Amino acid sequence: MADKDYVDSDANEARKHNILALSYAEVAERLNEEGQDVVLVPLGSTEKHGAHIPLGTDSYVTMEVVERTARAGDVLYSPLVPFGYSPHHMGRHLEGAGTVTLRAETYRRVMSDVARSLIYHGFRKILFVSHHGSNTKPIDEIMRQLRYDTGAYISYYKTPTERDASVVQDLFDNPPEETPGWHSSELETSVLMATADGLVNMDRAVKDRAHAPAYMTDAFSKSDGTATVKFRGSENIWVPMEHHEYCDTAVIGNPFRSNRDKGLAMLDRMAEHLTAYVEEVRQFKVEVFQSDYPERA
């Protein structure tokens with residue numbers, strides 16, 4: 001991803017998609033084309049994963065899906081925002097976990113400023129895209145505000161993982177109890193093998209499970225990385241837990257069932273699903289009533 005941060009992967013092709021690689025004239029020309037008022041905004045994360053894959057795992061997956069979608073669906077995308085909402089991945093003080101997190105308000109402001117800038121230029125449909133599940137936690141307020149203030153179509157596409165992995169479910173070899181679509185497990189490791197294999201070190205990989213924090217009693221349990229715990233068969237209790245409190249190794253699942261071919265198949269599925277969504281969004285009739293951005297300073 002180091003090269004992809006600043007250069008469009010298809011920058012040498014006739015049709016570019018990363019607005020970072022386009023001139024202002026090219027952006028204006030593209031916006032004059034039918035159906036080109038849609039733009040993808042990739043939101044990544046720099047956070048603690050298992051010791052066998054990099055901090056930027058969610059960013060790599062996000063960008064791979066976005067770039068594949070851009071080529072398949074001929075849709076523009078903005079540069080990646082490499083930091084997300086990850087306070088629970090910071091780890092213990094001075095532990096050296098490497099996570100960089102944005103506070104919720106900062107994260108919302110970044111989303112708002114990027115969207116308002118794009119709407120200002122004529123984009124009417126803003127599709128945020130992210131692989132990092134916790135990036136969805138602070139977003140309702142700002143997405144509604146963007147819609148109410150501008151009339152633009154605003155949505156957030158979470159790549160199919162975790163509790164909603166139906167798009168790729170049949171590609172898993174892990175049984176459900178091994179939480180194959182969770183943190184640093186079969187899905188993320190396979191996809192990294194497919195897109196950044198040199199950054200995967202399976203000598204450091206471990207198989208692990210989530211558990212209720214040690215300070216809780218035996219009446220509580222936890223099976224995955226959601227913000228809830230189970231009590232008397234019900235999962236209706238939200239607790240602000242730190243990731244290391246319920247996952248000792250930052251791995252929730254079994255990464256040893258991972259392989260490159262599986263990762264490529266998963267990326268194909270994710271990109272096809274997002275591309276199909278883009279095609280439907282192109283048909284939406286959206287009227288932007290406020291595109292000016294006088295408060296931009």
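Tutor: Contact means heavy atoms within 4.5 Å of each other, and helices (H or I, at least four residues) and strands (E, at least two) are DSSP runs, numbered from the N terminus. This is a predicted model, in which local features need pLDDT of at least 70 and side-chain atom pairs count only at pLDDT 80 or more, while totals for chains, interfaces and linings use all residues. Residues are numbered from 1 along each chain as its sequence is written, and side-chain values use heavy atoms, with hydrogens and water left out.

Student: At what angle do α2 and α7 pack?

Tutor: Two packed helices are described by the angle between their axes and the distance between the axes. Axes are lines fitted to C-alpha atoms, for helices over the stretch in contact, and angles run from 0 to 180 degrees between N-to-C directions. Here helix α2 (residues 57-73) and helix α7 (residues 260-282) pack at an angle of about 55 degrees, with axes 8 Å apart. The two are therefore oblique to each other (under 35 degrees counts as roughly parallel, over 145 as roughly antiparallel, 65 to 115 as roughly perpendicular and the rest as oblique). From α2, the contact is made by V61, E64, V65, R68, T69, A72 and G73, and from α7 by L264, L267, D268, M270, A271, L274, T275, V278, E279 and R282. By type, the residues of this contact divide into 9 nonpolar, 3 polar and 5 charged (Ala, Val, Leu, Ile, Met, Phe, Trp, Tyr, Cys and Pro count as nonpolar, Asp, Glu, Lys and Arg as charged, and the others, Gly among them, as polar).

Student: Does α2 pass α5 in a left-handed or a right-handed crossing?

Tutor: A crossing is left-handed if the near helix is turned anticlockwise from the far one by less than a right angle, and right-handed if clockwise. The crossing of α2 with α5 is left-handed, whereas α2 passes α7 in a right-handed one. The axes of α2 and α5 come within 10 Å and cross at roughly 65 degrees. The residues that make the contact are T57, D58, Y60, V61 and E64 of α2 together with E188, V191, L192 and T195 of α5. They divide into 4 nonpolar, 2 polar and 3 charged.

Student: What order do the strands of the open sheet have?

Tutor: Two strands pair if DSSP finds at least two bridges between them. The 4 strands of this open sheet have the order β2-β1-β3-β4, with parallel pairing. The edge strands, each pairing on one side only, are β2 (76-77) and β4 (153-158). Strand β1 (residues 38-42) pairs with strand β3 (residues 125-130) over 5 bridges in the parallel sense, with V39 opposite I126 and P42 opposite V129. On the way to β4, β3 is joined by 6 bridges, again in parallel, and S130 has K158 as its bridge partner. Helix α7 lies across β1, β3 and β4, running at about 170 degrees to β4.

Student: Which residues of β3 point one way, and which the other?

Tutor: K125, L127 and V129 point one way, while I126, F128 and S130 point the other way, and all are buried.

Methods
Buried means under 20% relative accessible area, exposed over 50%, partly exposed in between (1.4 Å probe, protein chains only).
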